[in-house]
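Okay, thanks for coming, everyone. Let me put the thing on the screen, and then I'll talk you through it.

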Amino acid sequence: MPQKQFVHHPYFLHQETLTMRQYFNLFDLSQKVNYKNEILSGLTVALALIPEAVAFALIAGLSPLTGLYAAFMMGIVTSILGGRPGMISGATGAVAVVIASLAISHGVEYVFAAVVLAGVLQLLAGVLRLGKLMRLVPHPVIFGFVNGLAIIIFMSQLDQFKDNDGNWLTGGSLYLFLGLVLITMLIIWGLPKISKAIPASLVAILSIFGIVVAFGLDTKTVGDMASIQGGFPPFHLPDVPLTWEMFMIILPYSAIVAGVGLIESLLTLNIIDEITQTRGRGNKEAVAQGIANMLSGIFSGMGGCAMIGQSLINISAGARARLSGIVAASFLLIFIMFGASMIEQLPMAALTGLMIMVAIGTFEWASLKTFKRMPKSDIFVMVLVTLVTAVLHNLALAVIIGVIIAALVFAWDNAKRIRARKYIDENGVKHYEIYGPLFFGSTAVFHEKFDVQSDPEEVIIDFAESRVVDMSAIEALNKLTERYKNAGKHIHLKHLSPDCKALLKNAEEIIDVNVMEDPTYKLAVD
């Protein structure tokens, strides 16, 4: 059996009244928050956020500070208001890929406007409690999503093995960089086996920094990517014309950003739930993501969503409360405003080694053991979602495709399960006892069960073990009734559940079926 499985958790909003301190879970001593772990985890995350935020901003064709400001705003807001303590949000590659074309065609101001509108859409999704739709995402899709993200994280680190001109490192530069990466990975892997007093990721980063400084090694640093020097995120309303044309330009981008952001955030929430054996609140997280993106757009940020890599760094370092995310965002802002010159000296090898270890930890290795045990359809869905995620970097498309295929497979399997038990009673009436749901996928098989020409004049169809599900089922009953009527025979429907009767009653103007009342029969309805 797999070593671990991801579990879907229902999303709901608690109705009890909480004090402000309990609500934010920052300084409530009853929650047993480990402040040392929270602070050190936050510092580690802040260091790892910098190169990713810069890289994602450059992918989108924007200033590095645009990504850093988004990382700060997304991180601080979702840590305070979000539904999953310990989860980290910031500027992400998924969002960067979406807004890149908008930045090229219409400029950064339209990007800010699109991010604000995406935040509004996410806020509405949370208010309307659409987070519960994540229950429809099956396990193979989650496995594929996680594995695809792990591949993306790993492949993105390969760019660090190139120089500023885009050429692969060679000779001594390559060996030095690779050696520092391997030392980083070794520390992250081995230190927890000795002591967990300090997060291994932080020890690894500081150790590599010390080695580089002590021996005067010439290797790539954060400053080689871009300068991170800046001030507090400036308040700036998007300078765009308030016209319908502008709205229609940004709407498609905003809808995709909102969808990608919510899907990635809620799936990351599910993963953190499984790791920590606690329950997050999807709708609350959707609201927080929306507010964070709205503020990001008006504080010169490119927007973002939950980051599975940074979240796993945070959780693996022992963080469980909101404080770690607040500390990470606060340190990030401090680095931008006051510590840029120091942070720019951090070796990229240390951060690359850290992210490779995150990729290794993110990949669901147990899913590989299920290839001979899972249905072939589930394996196909898992592999397809992995490939779409890894190749197209389109998380929303990957999840949607996976859910659609899984739903079609489910419909096909259930379509084959409809059966009919037949017998003739002492009065010469033929009974068809139907088993399995009658819906669009099973109507053809349903019709094949009946022998209209050979049946007696009176026929009863018993739905005690079946259910009329949709309009296709209603139409199937209507056509069956017409076939018996044309043959001069009578057909009756028996033991319909209340919801089935209601469905038929609503369609009584377009169909003609006979429902046999049985007041002594009681049917338990879910």
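First, the housekeeping. This is a predicted model, so keep in mind that local features need pLDDT of at least 70 and side-chain atom pairs count only at pLDDT 80 or more, while totals for chains, interfaces and linings use all residues. Residues are numbered from 1 along each chain as its sequence is written, and side-chain values use heavy atoms, with hydrogens and water left out.

So, the overview. The chain has 19 helices and seven strands; these are DSSP runs numbered from the N terminus, with helices being H or I of at least four residues and strands E of at least two. Of its 526 residues, 54% count as buried. Buried here is under 20% relative accessible area, exposed is over 50%, and partly exposed is in between, with a 1.4 Å probe and protein chains only. Now take the contacts with a separation of 6 or more: 82% of them are between residues 24 or more positions apart. Contact means heavy atoms within 4.5 Å.

On to the helices. Two packed helices are described by the angle between their axes and the distance between the axes. The axes are lines fitted to C-alpha atoms, for helices over the stretch in contact, and the angles run from 0 to 180 degrees between N-to-C directions.

Start with α4, residues 93–106, and α9, residues 244–276: their axes come within 9 Å and cross at roughly 165°. That makes α4 and α9 roughly antiparallel; the cut-offs are under 35 degrees for roughly parallel, over 145 for roughly antiparallel, 65 to 115 for roughly perpendicular, and oblique for the rest. The crossing of α4 past α9 is left-handed, that is, the near helix is turned anticlockwise from the far one by less than a right angle, with clockwise being right-handed. If you zoom in, α4 brings A94, V95, V98, I99, S101, L102 and H106, and across from them in α9 are I249, Y253, I256, V257, V260 and E264. In that contact of α4 with α9 we have ten nonpolar residues, two polar and one charged.

Next pair: α15, residues 376–392, and α16, residues 395–415. Their axes come within 8 Å and also cross at roughly 165°, so α15 and α16 are roughly antiparallel too. Which hand does the crossing of α15 past α16 have? Right-handed, for α15 past α16. From α15 you get S377, F380, V381, L384, V385, V388, T389 and L392, meeting L395, L397, A398, I401, G402, I405, A406 and V409 of α16. The tally for α15 with α16 is 13 nonpolar, three polar and no charged.

Salt bridges now. Side chains of opposite charge can pair when their charged atoms come close. The rule is a side-chain nitrogen of Lys or Arg within 4 Å of a carboxyl oxygen of Asp or Glu, and by that rule there are four. One of them joins K162 and D159, with the closest N and O atoms 3.8 Å apart. K162 is partly exposed at 22%, and D159 is partly exposed at 44%.

Then R421 and E433, at 2.9 Å from N to O. R421 sits in strand β3 and E433 in strand β4, twelve residues apart. R421 is partly exposed at 45%, whereas E433 is buried at 16%.

And D455 with K430, at 2.8 Å from N to O. D455 is in the loop between α17 and β5, and K430 is in strand β4, so this pair ties together parts 25 residues apart in sequence. Both D455 and K430 are buried.

Last, some single residues. T44 is in helix α2, buried at 0%. Leaving aside neighbours within four places in sequence, T44 touches P199, S201, L202 and I313.

Most residues other than glycine have a negative phi. R129 has a positive one, about 55°, and lies in the loop between α5 and α6. S300 is also positive, near 60°, in the loop between α10 and β2. R129 is partly exposed at 38%, while S300 is buried at 10%.

Definitions and conventions: Nonpolar A, V, L, I, M, F, W, Y, C, P; charged D, E, K, R; others polar.
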